[in-house]
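Please read the following note beside the sequence and the structure. The points are numbered, and each takes up one topic.

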Amino acid sequence: MIMKNKLFICLSFAALFVLMSAGLTAQQRVDVAGTDVGAAPMWEAPIGDTVRGIPHLQAGSVVLVGEAGRVRSFFMSSTPLWNFDARGTAVPHIARSYEAATYICNTEGVFMAINRVGRELWRLNLGKPITYPPVVGWDGRVFISLDSTMTCRTASGNSLWTIDLESPIAFAPVLDRTGSAATVLQNMDFVKVHQFSSVERIRLDRLPVMIVSLDEGARQSYILFYQAGEMEKIYFNDSARRGSKLSRQSLRALPGPPVASESNGAQFVVTLRDGRVLCLNAQGETLWTRNTHEAAEERGPANLTIGQAHMIYDERGIYSVTIRGISSFTPEGRRRFVHRLQTVSSGVPALCDEGLLWACGTDNIIRVYKVDIRRRTIPRNRYYGFEPEGDYGMGSPPPSPWTGQNSRYHDIEQDRVYNEIFAAIRSGQLGTNEPAYVAYIMEMVGFFLNNPHYSPVRPAVKPTQRVRLINLLGYVGSRETIPFLWNIFDRDPEPSVRSACAEAIGRIGVDPTGRSFHSYNFLLSPNNPNVDPQLVLAASSSIASLCRFSGPPLAPEGIRVLRYFSNLPSIPNRVKEQIRNELDGLYREGLDQVIQ
């Protein structure tokens, strides 16, 4: 009997060991998702064109530009979303915003913004095609480069500034860790173009092949890579006097020519031509080296060139993506998986936030593979993707130069400052004055917020003055000012001021959180005895503008609110008719459809 019990215990432990081993093996398989070499794609579709660049991913969808200049979009579930007529041939230099707007340019020099369902939002005639992709800033502003000029536009197309850099741009501008655009000019100047148009520059000895921006906490810096593997570091010192904020430092050279790089905080990773990946610290010291699927030791050709590789470095790990596949590593250097493509991609594939690899084959077929089960873990928006990396402080700017001046409440002084701001906006040259102007507008419009001495009988800033200042804020167009407009809409007692807030939000065109819908819905509820028909109409127009700019999934939410407004018993029939006209237009454009 004792022997039988011992045998039973031994068998039980053996079975438990097998189960634990199987569970551990399963965990390991999960951790190395995509190890099946040549695994079949989840779906594929002919695109009838050759795509050379990286597919542009955002908000679960992709935009492709082929050699023939056709522009098309697919959802990650394989649903074709739209084909866009660029009124000619589109050049391959495109960008996408946080809200999934797409920016393209045709060979005639017409620059266009397209929403998520392929509807043109606005256009700008540049006179000649762009040669580098535009750069989208943190608050939706767009930096457009052409020859020696850089122009900055709001998400809705209003001009903020245009500057001449005095030498043609020779390197595709990149968005740095401060939200500025960094590039190199043909005269060998490295330039950092601030979001408010100020420029810092420093002379280089030669043109780099790549630039990566680092965030070292106390200071910002850039790593510049050169053809043979040499590296140089550019420091940005914000406390230095204007014109001397940049300085140079040589770093140890890489063991081979670089073809792709990416950073995360103060570390950066590089893929070399021979297929190796290096992880380095801010001093240029190598932390570890590993082989990718491109290395000769991994049956790769070991002859990558720039334009055949791309890197990603986020909280999921490190990815080296090439025209032949993808290799993934942990931040410590352990290899997670390798996935080799059965068909060489005509351009560098793209890895989306959901772990899908989008590859456009040389046979003009797009294929989508599930290569990683790890999804990005940073907080994401209800309607779109992840929040921008930072902000420009436009939601709470520093005090304006007019703070503390009692004369600023005099009508004559208010007219003078208003005319000054209006003239700057009309000229399209807000430039370095933008933060001061926005601060002034917020101080004057929101003077009653947290002010215990405020008297609604004799307001310091009249409603008509607040209305016109709010209109100016709409033309400035920063999505960071939207919460301020919500606050005024919710708390200002004047219907005309609230209407101006709604119109400004619609003019800005960007509200990815949908918070504006909540404010409109709450204020205009049937239990509110002070529902103003003109306010309902302004809110309806604002909602329609937001729906048209962002498209689904925000648009169906807005349409539901408009349908609710159209049935309010307290609203005159003429206002209801205008709201229903807005609804009919949104239905015709297909904005009520949920993308699946």
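Which backbone oxygen does the side chain of Thr 481 reach?

1. On the basis of the note. This is a predicted model, in which local features need pLDDT of at least 70 and side-chain atom pairs count only at pLDDT 80 or more, while totals for chains, interfaces and linings use all residues. Residues are numbered from 1 along each chain as its sequence is written, and side-chain values use heavy atoms, with hydrogens and water left out.

2. On Thr 481. The side chain of Thr 481 reaches the backbone oxygen of Ser 478 at 2.7 Å. Thr 481 is placed in the loop between helix H4 (463-476) and helix H5 (482-491); helices are DSSP runs of H or I with at least four residues, strands are runs of E with at least two, and both are numbered from the N terminus. The relative accessible area of Thr 481 is 0%, so this residue is buried (buried means under 20% relative accessible area, exposed over 50%, partly exposed in between, with a 1.4 Å probe and protein chains only). Leaving aside residues up to four places away in sequence, Thr 481 touches Met 394, Val 438, Met 442, Leu 473 and Ile 508, where contact means heavy atoms within 4.5 Å.

3. On the cysteines. The structure holds zero disulfides, a disulfide being a pair of cysteine sulfur atoms within 2.5 Å. For Cys 547, the closest cysteine sulfur belongs to Cys 501 and lies 19 Å away, which is too far for a bond. Cys 547 is buried, at 0% relative accessible area.

4. On the aromatic pairs. A search of the whole structure finds 18 aromatic pairs. Rings of Phe, Tyr and Trp (its six-membered ring) pair if their centres lie within 6.5 Å; planes under 30 degrees apart count as stacked, over 60 as edge-to-face and the rest as tilted. Phe 225 and Phe 268 form an edge-to-face pair, with 5.9 Å centre to centre and 65° between the planes. Phe 225 lies in strand E19 (residues 220-225) and Phe 268 in strand E23 (residues 267-272), so the pair ties together parts that are 43 residues apart in sequence. Phe 225 is buried at 0% relative accessibility, and Phe 268 is buried with a relative accessible area of 0%.

5. On charges over rings. The charged end of Lys 192 sits over the ring of Phe 236, 4.5 Å from its centre. The charged end of Arg 507 sits over the ring of Tyr 475, 4.3 Å from its centre. The criterion is that NZ of Lys or CZ of Arg is within 6 Å of the ring centre and within 35 degrees of the ring normal.

Note on methods. A polar contact is a pair of N or O atoms within 3.5 Å; within protein, one must be able to donate a hydrogen and the other to accept it, and residues adjacent in sequence count only if both atoms are side-chain atoms.
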